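Please open the model in your viewer and keep the selection panel at hand. The stops below are meant to be followed in order, each with something to select and a note on what is there.

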Amino acid sequence: MDSQPDSPGVATHIGDEFAREPVPPKALKGASSFWGMYAGEHTAGTEFMIGPLFVAWGASAFDLIFGLLLGNLMAVLSWRFLTAEIATQKRLTLYCQLERITGRNLVTLYNLFNGVLFCFLAGAMVTVSATAVGVPFGDSIRMPSFTDTLPTGALWIVTCLAIGAAMTFVALRGYGFVARMGHLSAPWMFLVFVACGIVVMAKLGSTNLFELIQPAAGSSPKIGFWGIVAFSWFCNSAMHLGMSDLSVLRFARKASYGWASAAGMYLGHYVAWISAALLLVYWVREKGVDPATGAAPGPMVWDAVGWAGLLCVVIAGWTTANPTIYRAGLAFQGMFPTMSRATGTLIAGGVCTVASIFPAFAMKLLDFVGIYGTILAPIGAVIVVDHFLADKVGIATEPATRTGTRFNPVVLFAWVIPVGVGLFLQQCYGFPAFFLPLPCWIACGVLYIALSKRVGPKTVLP
Amino acid sequence: MTHVAKVLGLLALAGTVVPPLLFLTRSIAEGPMKLIMLISALVWFTTAPLWMKGGQ
């Protein structure tokens, strides 16, 4: 899990360059940049939450090993054959591409959702870091469990506020230092994840994952094989199906660089998730922890690998929360072009810090990530239709550019209707959020075609 | 200098994952394993910036 690229208008890092124009050939980058970037971005602090949450939800070893294998493959294929294809043919950011279809005003609305969801995601990362920072303070800070949604005490709040403030301060200073730190940390962090898994297997006296990862006796699993396939496919759906990674992959020389996403999926979302899952397996078996209640990542990692693990949790949270705060700031700034980047970042950092003191965002991460994808991914279907299908089904490509409109209601309805139905099902009927992004994405694309044929501009201008 | 930093960096990565493997085979105790991992972390973050490019 991680954050997404940038908003338009501010040239400060790779994704911001050529914000309003196609990337020129001289600015294209080689394959290694993308392999490194994906490997680093998907080994984040939240991976320490996701693996244990699978265990808490009663996933079996078969579900994890083969479900993640298939789900991550689907995610890689989505990046390769949808996002990378459009990115390397158009070479525009998501925002620029959207503006041509939806008009400027709808991009502003998208930025609002994007910015707020970024803040909550960064808040979850700060929460994970706080569980590590709190370890040296012993029992004076009560660590949140999976069932906690509210702050666990005054010291917990102070810890989160301090970390959030520090991360906001660093984000205010720009993106470069944190990006560099994240890049340097990536290989080491991945090995710490692996180390956690190995140590736990040693302590449990078995290397047989099928024997170690089993649902608790008498429990009814909340997630199975297809749930894990869906989660691993759609946890980053805002980036692939949602086309947010157009902003990154437009710098790729070839569409085949989309395969680089496999580095992130199979190192971060496979090996790291399974290793993190083993941490909770150990605490359930040897320390008697109730799997439904779980344990915070900080103490589990501390117990497994000591100070190196705590450092890893803090750095993994920091290097992913920081760019997320920065990018949320850019999203807010994109809504109000007269706002300074510093003001946008301060607002984003403030919202993120307040969100971090509520463990709900981290402890309900499987649900939150599903909702995040359900809201943001469907808009990508509009871009896919516009790029691959518009001519074939007889609707205009880039209609906002053709008509000069700042607001295309067709896109708004195509986006809001399926998302509204999806969120209604999730909130009122408890439908698992991680199953929703794909049906909402397909419905959005179908609605966009149907509504465009009825009320959209003609394919040939008079 | 860069060459030395690179070698130390690679040793630090090895020092992050080899001790847990030795712990798995009961060749090292938990305390020394954790200590080597911490030292390796410090060595990695000292040496990697000297030779590892990218990320800006």
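Residues are numbered from 1 along each chain as its sequence is written, and chains are lettered from A and ligands numbered from 1 in the order in which they are written.

Stay with A:Val301 and display its surroundings: leaving aside neighbours within four places in sequence, A:Val301 is in contact (C-beta atoms, placed from the backbone, within 7 Å) with A:Phe48, A:Ala132, A:Cys196, A:Leu279, A:Gly309, A:Leu310, A:Cys312 and A:Val313.

Now select the whole of chain A, which has 20 helices and zero strands. Its radius of gyration is 21 Å, close to the 23 Å that the globule rule gives for 462 residues, so chain A is as compact as a globular protein of that length; the radius is taken over C-alpha atoms, and the rule is 2.2 Å times the number of residues to the power 0.38. The C-alpha trace of chain A spans about 75 × 45 × 45 Å along its principal axes, and 61% of the 462 residues count as buried.

Colour chain A by pLDDT, the predictor's confidence in each residue, from 0 to 100: the mean is 89, and 94% of the residues reach 70 or more. Over residues 3–15 of chain A, however, the pLDDT is below 50, although this stretch has 51 contacts in the model beyond near neighbours in sequence. Where pLDDT is low, the predicted coordinates should not be read in detail.

Next select helix α1 of chain A, residues 31–41, whose buried residues are A:Phe34, A:Met37, A:Tyr38, A:Ala39, A:Gly40 and A:Glu41. What covers these buried residues includes α7 (176–204) and α11 (261–287) of chain A.

Move on to α5(A), residues 104–133, where 22 of the 30 residues are buried. How far apart are the end C-alpha atoms of α5(A)? They are 42 Å apart, which agrees with the 44 Å that its 30 residues should span at 1.5 Å a residue, the expected span being 1.5 Å times one less than the number of residues.

Two loop residues come next. A:Leu150 sits in the loop between α5 and α6 (154–172) of chain A and counts as exposed, with 10 C-beta neighbours inside 10 Å. A:Ser206, in the loop between α7 and α8 (209–212) of chain A, is exposed with 11 other C-beta atoms within 10 Å. The C-alpha atoms of A:Leu150 and A:Ser206 are separated by 37 Å, the two residues being 56 residues apart along the chain.

Then compare two backbone angles. A:Met243 has a positive phi of about 70° although it is not a glycine, and B:Arg26 has a positive phi of about 65°, likewise without being a glycine.

Finish with chain B, which has two helices and zero strands. Its radius of gyration is 13 Å, well over the 10 Å that the globule rule gives for 56 residues, so chain B is more spread out than a compact globule. To see where the chains meet, select the 18 residues of chain B in contact with 23 residues of chain A; α1 (2–24) and α2 (30–51) of chain B each supply at least two residues of that side of chain B.

How values were computed. Predicted model: local features only at pLDDT ≥ 70, side-chain atom pairs only at ≥ 80, totals over all residues. Buried ≥ 20, exposed ≤ 12 C-beta atoms within 10 Å, placed from the backbone. Helix = DSSP H or I, 4+ residues; strand = E, 2+ residues; numbered from the N terminus. Contact = placed C-beta atoms within 7 Å.
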